[in-house]
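Subject: Structure for you to look at

Hello,

Here is the structure I promised to hand over. Please open it alongside this note.

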Amino acid sequence: MDLFKLCQEVLGPLPVWISVPLALGLGFVVFFLIAVLASNSGLAGIGHLLGMGLGVLVGAVSVAGAISGALRRPSAVIDPPIPSASASAREWDLELVQAIEWKRFEELTVDLLNALGLRANLTPHGADGGVDVEVRDPNDNELRMIGQCKAWPEGIVGVKPVRELFGVKTANGVAEAAFFTNGTFTREARVFALANGVDLYDGAKMIDMIRSLPNERQMDMLATATAGDFTTPSCPKCETKMVPRQSGAYPPFWGCARYPRCRGKLGMRKSSR
Ligand SMILES: [Zn+2]
């Protein structure tokens, strides 16, 4: 019986004091329709019984669906965090690059690599495990470098994702691999990267590279990187902008604005060691 699922999806997001009466009403409508139809066909007795039975069944399933849907939904949207001072910054600094959300950070990385004279592209979302950026040879279109981006404000990239990137590099026989973050790397990650030929770029190093560009190019990149809302993270599943949520005693998290159609989630601060 998919009535349960339907009520979960449709009535679940509503407040319980609305969804439960609606669900009960649905049961009553079923009873009423069957009873009236039956009376009109001269079968009032059977119609009442049948209507009563089906009405109670539909009502009960709908109420159960509505309540189950309500239990699944995360609690209300909370106030967005106070925007960082860098949101209005007009020059490149570490605070600004750390405020950039993951998707915009991937785009910034590609922009930077292109500004440095490489032919860089974002890989299609979710296409290749652990690769966000690819650099191809302008002459033969050969894959020259793979890149991974992690935008973790105040976060630290551990050895695990660096090791995974090295694995993809080796498996695909690519000459170079580079890891970009607006946070920093752990010592273990740095040691591994140095030993295995993975280039690491943290927030400070990326700022240095951006500042090495002609001023006009820097300003172009700044305008692109900070256009519109560049701090609210995009959903990792569907890339819609997320909304801050809080559920019970758990720390606040980012939830997809399209919930419950999309169940994408992100921690407010992420680190992996
Ligand atoms: Zn989503």
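Below is what was found in it, starting with the conventions.

This is a predicted model, in which local features need pLDDT of at least 70 and side-chain atom pairs count only at pLDDT 80 or more, while totals for chains, interfaces and linings use all residues. Residues are numbered from 1 along each chain as its sequence is written.

Overall make-up

The protein has nine helices and 10 strands. Helices (H or I, at least four residues) and strands (E, at least two) are DSSP runs, numbered from the N terminus. Of its 273 residues, 29% count as buried. A residue is buried if 20 or more other C-beta atoms lie within 10 Å of its own, exposed if 12 or fewer, and partly exposed in between, with C-beta atoms placed from the backbone. Among contacts with a separation of 6 or more, 60% are between residues 24 or more positions apart. Two residues are in contact if their C-beta atoms, placed from the backbone, lie within 7 Å.

Helix H1 covers residues 3–11, and Cys7, Gln8 and Leu11 are buried in it. These buried residues fall within an arc of 110° when seen down the axis of H1, so they line one face of the helix. The arc is that of the directions from the helix axis to the C-beta atoms. The buried residues of H1 pack against helix H2 (16–40) and helix H3 (44–72).

Leucine 14 lies in the loop between H1 and H2. This leucine 14 counts as partly exposed because it has 16 C-beta neighbours inside 10 Å.

Glycine 51 sits in helix H3. With 21 other C-beta atoms within 10 Å, glycine 51 is buried. Leaving aside neighbours within four places in sequence, glycine 51 is in contact with Phe31, Ile34, Ala35 and Ala38. The C-alpha atoms of glycine 51 and leucine 33 are separated by 7.6 Å, at 18 residues apart along the chain.

The five-stranded sheet

Five strands form an open sheet in the order E1-E2-E3-E5-E7, with mixed pairing. Two strands pair if DSSP finds at least two bridges between them. Strand E1 (120–122) and strand E7 (198–201) are the edge strands, each pairing on one side only. From one strand to the next, the twist averages 25°. E3 and E5 run parallel and are joined by six bridges; glycine 147 has alanine 178 in E5 as its bridge partner. Helix H5 packs on the sheet and touches E1, E2, E3 and E5, and its direction makes about 165° with that of E1. Axes are lines fitted to C-alpha atoms, for helices over the stretch in contact, and angles run from 0 to 180 degrees between N-to-C directions.

Cysteine 149 is in strand E3. It is buried, with 22 other C-beta atoms within 10 Å. Not counting residues up to four places away in sequence, cysteine 149 touches Phe105, Glu106, Thr109, Asp132, Val133 and Phe180.

The cores

The largest nonpolar core has 33 residues, and those with the most contacts inside it are Ile100, Val157, Val162, Leu165, Ala177, Phe179 and Val198. A nonpolar core is a set of buried Ala, Val, Leu, Ile, Met, Phe, Trp, Tyr and Cys residues joined through C-beta atoms within 7 Å. Elements that each supply at least two residues of this core include helix H6 (159–172), strand E5 (176–181) and helix H7 (187–196). H5 gives the most, with five residues. Isoleucine 100 is in contact with Phe105, Leu108, Ala151, Asn182, Ala225 and Phe230, leaving aside its neighbours within four places in sequence. A second, separate core of 10 residues includes Cys7, Phe31, Val63 and Ala66.

E8 pairs with strand E9 (residues 253–256) over four bridges, and valine 243 stands opposite glycine 255 in E9.

Regards
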